[in-house]
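I opened a new page for this model and listed what to look up. The sequence and structure go in here before any entry.

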Amino acid sequence: MERSDDMINDFGKRNKILLSNSNFMLYIIGYVISGIGTRLTTIAISSKILYLTNSGLSLSATLMFEGIPSFLLGLFAGNVVDKMRKKNILMILYILFAFTSFGLIFANDMSLIYIISLINGILTSFEYPARSSIVPLLVDKDHLLEANSIRSSLSSINMIVGYSIGGIIVSIFGNDISFLIDSLTFIIIAILIAFIRLDEKAQEDKSENIFDDVSKTISNMANEVKQGIGFIKGSMVIRQVINLNLLSTLIISMQTPLVYIFVNNYLGGEKLLAARSGMLFSLAGVGGVIGGILINSIGKKFNNISIMTTVLLFDGITLIAFSNSKIFLLSSILFTFLGIIFVVFETLTDTIIQENTNDDNRGKVYGFLGSLVDPLSIISLGIGGALTNVFSAKVIFILCGIAEITVALIYKTYNRVKSIN
């Protein structure tokens, strides 16, 4: 009982420091608002495209236009982020996002929607490394894991609440009002970021001029890219984190659409498809909140590559168990556990990268990771779709579980042999 009380007190003390950190709280409030706005636009843009075209292909093409820039610009964007004040670039990006969201109100043909999606993709290429890289400037290194766990938990809550609110707003007020609300949320986020105070000494070598930053980066792009790749190659920890993320993305991304097929075939059929699929994804969000709290409480003791591979191992085992369950209650519990595992893995990824990367290379690492994750997600979806022509959803889940277990065991064995030698 005494140990439990100590753990609770320690948990409260660690998070009290973060909650009293005005910079971090401004960042987190903006993160929550951004998450809700993004989900609102996701629903509204899907509704608008289907209204204009009644074509799933057009919807997929829009997602591709948004994903392509990350692949092409990832390392370049990371280099720009490393050379700029993170606060300034985020403010600029969120104001530009406000314009693109507002522009969707007037985009009544697919060519305009494609152009705006492409612009959003370019902006996201810069926003992802900037948003992720700013966290170590807001909190002490000793509190990075707690900060990332809070962010991951809130992301899960956003997943549960955001889509529900978004669906209601789109249904009642329509797409255009939804785009307007999203545009206003980006303005609010930019204002919140403006009030963040960073240690100027830590940023004193950064240029004040965004145009100088960009022009210098363009002129030295080859050297900057080599520097980023060289840093990644030179750090075994960063290499392994990136490799684990890319392999897990390739394996896991195909699984989301398969859930609907699995529910239809094994967990209730067509009549219960919508309700039970929605329930499973909501429970995954609940699991995410639990995972955030869990890693926040005990993560300090287990913050390393070995635990990442253990988490991936458990994910594979849980997925195989889920694929063999025909009882919805058991499936719900297992899916909640998958949500816990996902957030723990995500939090460890961010924390290990932030702790093992200096300010001059952090943007490059996130830019490199972002440039590969989106294309791999698309490839994974394509592989999953192709496999459904050969195997059942159950068999694909089992194969994915085996793949995750195999990857985890290979890395565990490799690191164990490496440590012995």
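The entries below run from the whole chain to single residues.

**Ground rules.** I am working with a predicted model, in which local features need pLDDT of at least 70, side-chain atom pairs count only at pLDDT 80 or more, and totals for chains, interfaces and linings use all residues. Residues are numbered from 1 along each chain as its sequence is written, and side-chain values use heavy atoms, with hydrogens and water left out.

**Confidence.** I looked up pLDDT, the predictor's confidence in each residue on a scale from 0 to 100. The chain has a mean pLDDT of 79, with 86% of its residues at 70 or more. Over residues 200–206 the pLDDT stays under 50. For that stretch the model has 11 contacts beyond four places in sequence, a contact being heavy atoms within 4.5 Å.

**Whole chain.** I counted secondary structure as DSSP runs, numbered from the N terminus: helices are H or I of at least four residues, strands are E of at least two. The chain has 17 helices and zero strands. Of its 421 residues, 48% count as buried. I use buried for under 20% relative accessible area, exposed for over 50%, and partly exposed for what lies in between (1.4 Å probe, protein chains only). Taking contacts between residues at least 6 apart in sequence, I find that 86% join residues at least 24 apart. The accessible surface is about 19,900 Å², and 68% of it belongs to carbon and sulfur atoms. Areas come from the Shrake-Rupley method with a 1.4 Å probe, and for residues only the protein chains shown count as cover.

**Salt bridges.** How many salt bridges does a search of the whole structure find? It finds three, where a salt bridge is a side-chain nitrogen of Lys or Arg within 4 Å of a carboxyl oxygen of Asp or Glu.

I took the pair of lysine 48 and aspartate 176, whose closest N and O atoms are 3.7 Å apart. Lysine 48 lies in helix α2 (residues 22–53) and aspartate 176 in helix α8, so this pair ties together parts 128 residues apart in sequence. Lysine 48 is buried at 5% relative accessibility, while aspartate 176 is partly exposed at 36%.

I then took aspartate 350 and arginine 151, whose closest N and O atoms are 2.5 Å apart. This pair also links distant parts of the chain, with aspartate 350 in helix α15 (residues 328–355) and arginine 151 in helix α7, 199 residues apart. Aspartate 350 is buried at 9% relative accessible area, and arginine 151 is buried at 4%.

Arginine 131 and glutamate 127 meet in a salt bridge at 2.8 Å, N to O. They are four residues apart in helix α5 (residues 110–133), so about one helical turn separates them.

**Nonpolar patch.** I looked for patches, made of residues with over 30% relative accessible area and no salt bridge; like charges are joined within 9 Å, nonpolar side chains (Val, Leu, Ile, Met, Phe, Trp, Tyr) within 5 Å. A nonpolar patch of about 790 Å² is made by Phe102, Phe106, Ile168, Ile172, Phe173, Ile177, Leu180 and Leu184. Helices α7 (144–173) and α8 (175–194) each supply at least two of the patch residues. Isoleucine 172 is in helix α7. Is isoleucine 172 buried or exposed? Its relative accessible area is 58%, so I noted isoleucine 172 as exposed.

**Serine 183.** This residue is in helix α8 and is buried at 7% relative accessibility. Its side chain reaches the backbone oxygen of alanine 98 at 2.8 Å. Leaving aside neighbours within four places in sequence, I found serine 183 in contact with Ala98, Ser101 and Phe102.

**Serine 277.** I placed serine 277 in helix α13 (residues 273–298), where serine 277 is buried at 1% relative accessibility. Beyond four places in sequence, serine 277 touches Tyr260, Val263 and Leu272.

**Proline 69.** I found proline 69 in helix α3 (residues 56–83), buried at 3% relative accessible area. From proline 69 to asparagine 120 is 8.9 Å, C-alpha to C-alpha, and the two are 51 residues apart in sequence.

Definitions and conventions:
Polar contact = N/O pair within 3.5 Å; in protein donor to acceptor, adjacent residues only side chain to side chain.
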